[in-house]
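Q: I have a model open and want to go through it. Can you take my questions as they come?

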Amino acid sequence: MMITKPVSVFEALDLGLIDFKKALEAQKEAYSRVKNGEQFCALIFCRHHPVITLGRSSSRKNILATEADLISGGIEVCETERGGDVTYHGPGSMNVYPIINLKFFKKDIHWFLRTLEEIVINLLSDLRIKGLRLTGLTGVWTGIAGEEKKIASIGITIRHWITLHGLSIIIKEADLKKFQYIRPCGMDIKMTSLETLLGRNIEMEEIKEILIRKFEAEFTRHVNMVNS
Amino acid sequence: MTNVVLPELGEGIEKATISYWYFNPGERVTEKEDLVEITTDKATFNLPCPASGIVSEIFFHEGDSVNIGEILAVIDEG
């Protein structure tokens with residue numbers, strides 16, 4: 001029997017607004033397809049209902065919200081296997097979960113993290129915003145030296161050199177208020193949103209379209225939207 | 001006997017932290033199964049068993065820092 005190799009494109013899914021746990025299931029299903037060789041690589045775009053997620057390095061002390069705050073804000077708390085500390089995801093943040101087999105690119109965690117940062121920096125550049133890396137810290141920042149604010153957080157898991165989890169970019173200003181409930185990444189850092197920086201509304205769809213082009217450029221593969 | 005070695009994880013990464021052992025000494029493992037989860041920077045990495053057998057020794061505890069190339073555990077294929 002002839003075995004057909006999966007076409008080397010990234011298959012992208014947009015799950016829209018979805019619970020963090022349901023999106024995690026979708027990631028695991030995509031991971032299985034990539035691991036079994038049924039699919040080359042995948043990208044999952046989604047937004048979450050309010051959720052605070054903890055990574056492997058997280059301390060519960062970095063959640064500042066009381067139980068009452070969480071209940072009144074309808075905020076769920078989920079522990080995850082990804083790297084990094086605590087973060088918040090709201091409906092106004094765009095998450096991208098790349099399920100990428102690094103064996104086809106570079107078996108290098110550092111390279112992959114820096115590539116995700118580069119994608120966000122290039123997205124910001126298209127919108128005439130200067131994105132920055134801060135030495136020793138993963139993520140993307142903006143602003144003047146000494147007063148930088150974080151706009152994108154990154155935390156990943158790698159199994160058999162296939163990546164899970166990924167990046168979260170704050171788009172809508174409304175999401176920023178909820179960051180008072182945590183110490184993002186376990187540090188006293190200030191967050192910002194794309195709308196705050198632009199001073200205008202921006203559609204999630206526009207961000208997704210730019211991100212697709214940036215993934216195509218960095219990984220030199222075509223991104224094929226499975227749904228839209 | 002097969003040594004479980006912390007592999008190269010990427011340019012400039014010299015150390016990682018043991019975050020979770022999926023097995024205890026004395027337990028049977030199968031090749032390619034997740035054996036240990038390690039953490040570096042903003043990433044967790046699952047190291048698979050290099051061989052099937054019994055985990056005879058584990059040299060580092062969860063929370064320990066390990067250098068690339070160090071032996072984490074030994075698997076006895078006997």
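A: Start with contacts: in chain A, residues 24 or more positions apart account for 72% of the contacts with a separation of 6 or more. Two residues are in contact if their C-beta atoms, placed from the backbone, lie within 7 Å. This is a predicted model, where local features need pLDDT of at least 70, side-chain atom pairs count only at pLDDT 80 or more, and totals for chains, interfaces and linings use all residues. Residues are numbered from 1 along each chain as its sequence is written, with chains lettered from A and ligands numbered from 1 in the order in which they are written.

Q: How many helices and strands does chain A have?
A: Chain A has 5 helices and 11 strands. These are DSSP runs numbered from the N terminus, helices being H or I with at least four residues and strands E with at least two.

Q: What is the radius of gyration of chain A?
A: Chain A has 17 Å, which agrees with the value near 17 Å for a compact globule with 228 residues. The radius is taken over C-alpha atoms, and the globule rule is 2.2 Å times the number of residues to the power 0.38. Along its principal axes the C-alpha trace of chain A spans about 60 × 40 × 35 Å.

Q: What percentage of chain A counts as buried?
A: The figure is 41% of the 228 residues. Buried means 20 or more other C-beta atoms within 10 Å of the residue's own, exposed means 12 or fewer, and partly exposed is in between, with C-beta atoms placed from the backbone.

Q: Which residues touch the most other members of the largest nonpolar core?
A: Among the 74 residues of that core, they are A:A42, A:L43, A:I44, A:F45, A:I99, A:V120 and A:I169. Helix 3 of chain A gives the most to this core, with 9 residues. A nonpolar core is a set of buried Ala, Val, Leu, Ile, Met, Phe, Trp, Tyr and Cys residues joined through C-beta atoms within 7 Å.

Q: What does A:A42 touch?
A: Not counting residues up to four places away in sequence, A:A42 touches A:F10, A:E11, A:L13, A:A30, A:V34 and A:I99.

Q: And A:L134, where is that found?
A: A:L134 is in strand 7 of chain A, residues 132-134. A:L134 is partly exposed because 13 other C-beta atoms lie within 10 Å. Beyond four places in sequence, A:L134 touches A:W141 and A:E148.

Q: Switching to the contact between the chains: how many residues from each?
A: Chain A gives 19 residues and chain B gives 16 residues. On the chain A side, helix 3 (109-126) and strand 9 (149-159) each supply at least two residues. Strand 9 of chain A has the largest share of that side, 6 residues.

Q: What else is strand 5 of chain B joined to?
A: Strand 4 of chain B, through 6 bridges, running antiparallel. B:T40 and B:A43 are bridge partners there. In that hairpin, with 2 residues between the strands, B:D41 takes a positive phi near 50 degrees.

Q: Is strand 4 of chain B enclosed or open?
A: Largely enclosed by the rest of the structure, because 6 of its 7 residues (34-40) are buried.

Terms used:
Two strands pair if DSSP finds at least two bridges between them.
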